[in-house]
Amino acid sequence: MEVNERARENRQSDVEPSRSADTLVAAHRGRLQRLCRLLLGDVQEAEDVVQDVFLKAHEAARSGLAPMDWGAWLTRVAVNACHDRRRAGGWMRLRFWSAPVEDVPLAAEGLGPGEIALGAETRRRIWQAFRALPRRQQEVFALRYIEEQSTSQVAAALGLSTGSVKRHLYRAIRHLRGALGDAS
Amino acid sequence: MTGCLSDRALARVQVELASDDERAHLASCAGCARRARRLRVDLELVTRVLSDTPEPRPRTADLRRRWMPAAFGLSAAALALLLWVEVAVWRAVTPPATMQPQEVAAILSDVSASLFSLSGTPAGGGSATGASGEADETPQTLEAMAQELDNTLTGGEP
């Protein structure tokens, strides 16, 4: 009887998220979605990637391979997943090209007065400059400035040296500042 | 160190790649400190835009500008391919012009002789092979042909 109950509990733990898994999702879901959206440029794709990342986290926890630092682990897996998606996602541009005009969101949708005052042209230039950055520079900039991680944390998440992170960051800043200079 | 820091040097300071001299100058120069603050403000603006605003979609004109050359190139390539296939097929179907004019004339002559023969044998005009006798080579007169026709119709009676 006891054996049966234990077996049932094990089966349930295979399909139902544990309380710690819920905590993990609650703690990291928002920032991972923001990071993936930034790296992929597509909300739906970002959502898919985040789902995959938490699935991998669940599998890692089940197989006893839980990392010491879940935050860094999730970031690394998410960045790699975005990398894979972008490499295999040439069709995305085609899909975007064929999007009907009524599906294209308005530029000022959901913006506060501050963002509207910022100027559509400045925003467009900043986004354009960010998209023009090489993939690695985008990742480094997003983790360092959007995620507000330290240089060493970024280096650990991306598997780079701190010196390399700083050099990527330096080039990214130069490029983005140039875009702002053009705008002003 | 003399002179103020360049924009590159200020960016190096921002990412902690600057030398000791550059950092020391920044600490003592009000103008460079002001420019460094301006750089930080700009970076905050970039960060705010990237994290808080939706990515603007490329304008239709931009997309068209990006895709038009590719579309034209693909159309031209498709047209060239079509032409090449058409020419290749035309060459394969058309027989080679190896027959000499004399051969063609001889064949036509044989055909016309067969068509206009009354007795079943070629009615003159020669043969392409040259195997016919001399009688074949002499042209029949109209009277002879009429006589032959009479004989055929009357059964050879005078």
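Q: In what pattern do the elements of chain B run from the N terminus on?
A: A first reading lists the elements in order. This is a predicted model, and in it chain B runs α-α-α-α-α-α-α from its N terminus. That comes to 7 helices and 0 strands.

Q: How many helices and strands are there in chain A?
A: Chain A has 10 helices and 0 strands. Along the sequence its pattern reads α-α-α-α-α-α-α-α-α-α.

Q: What share of the residues counts as buried in chain A, and what share in chain B?
A: Burial is judged by counting neighbours around each residue, and 20 or more other C-beta atoms within 10 Å make a residue buried. In chain A, 27% of the 184 residues count as buried. In chain B, buried residues make up 9% of 158.

Q: How do I read contacts between residues that are at least 24 apart in sequence?
A: Take the contacts between residues at least 6 apart in sequence, then ask what share joins residues at least 24 apart. For chain A that share is 66%. For chain B the share is 23%.

Q: Which residues touch the most other members of the largest nonpolar core?
A: The largest nonpolar core holds 46 residues, and those touching the most other members are A:C36, A:V49, A:V53, A:A78, A:C82 and A:V140. Take A:V53 as the case to follow. Apart from neighbours within four places in sequence, A:V53 contacts A:L32, A:L74, A:V77, A:A78 and A:A81.

Q: Is A:Q138 buried or exposed?
A: A:Q138 sits in helix α8 of chain A, which covers residues 135–146. A:Q138 counts as buried because 22 C-beta neighbours lie inside 10 Å. Setting aside residues up to four places away in sequence, A:Q138 touches A:L39, A:F130 and A:L133.

Q: At what angle do helix α1 and helix α2 of chain B pack?
A: A helix pair is described by the angle and the distance between the two axes. Helix α1 (residues 7–14) and helix α2 (residues 20–28) of chain B pack at about 100°, and their axes are 10 Å apart. Angles of 65 to 115 degrees count as roughly perpendicular, so α1(B) and α2(B) are roughly perpendicular to each other. On the α1(B) side the contact has B:A9, B:R12 and B:V13, which meet B:E22, B:R23 and B:L26 of α2(B). By class, this contact has 3 nonpolar, no polar and 3 charged residues.

Q: Why would residues three or four places apart in a helix point the same way?
A: An α-helix has 3.6 residues a turn, so residues three or four places apart face the same way.

Q: Which residues of α1(B) are buried?
A: The buried residues of α1(B) are B:A9, B:L10, B:A11 and B:R12.

Q: What comes just after α1(B)?
A: Here the backbone angle phi is the thing to read. Just after α1(B), B:E16 has a positive phi of about 65°, and B:E16 is a residue other than glycine. B:E16 lies in the loop between α1 and α2 of chain B. B:E16 is exposed, since 12 other C-beta atoms lie within 10 Å.

Q: What is the phi of A:E148, and where is A:E148 placed?
A: A:E148 has phi near 55°, again a positive value in a residue other than glycine. A:E148 is in the loop between α8 and α9 (151–158) of chain A. With 10 C-beta neighbours inside 10 Å, A:E148 counts as exposed.

Q: Which residues make the contact between α7(A) and α3(B)?
A: The axis reading also applies to helices of two chains. Helix α7 (residues 120–132) of chain A and helix α3 (residues 30–52) of chain B pack at about 85°, with axes 10 Å apart. The two helices are therefore roughly perpendicular. The contact is made by A:R123, A:I126 and A:F130 of α7(A) and B:V46, B:V49 and B:L50 of α3(B). By class it has 5 nonpolar, no polar and 1 charged residues.

Methods:
Residues are numbered from 1 along each chain as its sequence is written. Chains are lettered from A and ligands numbered from 1 in the order in which they are written. This is a predicted model: local features need pLDDT of at least 70, side-chain atom pairs count only at pLDDT 80 or more; totals for chains, interfaces and linings use all residues. Axes are lines fitted to C-alpha atoms, for helices over the stretch in contact, and angles run from 0 to 180 degrees between N-to-C directions. Helices (H or I, at least four residues) and strands (E, at least two) are DSSP runs, numbered from the N terminus. Angles under 35 degrees count as roughly parallel, over 145 as roughly antiparallel, 65 to 115 as roughly perpendicular and the rest as oblique. Two residues are in contact if their C-beta atoms, placed from the backbone, lie within 7 Å. Ala, Val, Leu, Ile, Met, Phe, Trp, Tyr, Cys and Pro count as nonpolar, Asp, Glu, Lys and Arg as charged, and the others, Gly among them, as polar. A nonpolar core is a set of buried Ala, Val, Leu, Ile, Met, Phe, Trp, Tyr and Cys residues joined through C-beta atoms within 7 Å.
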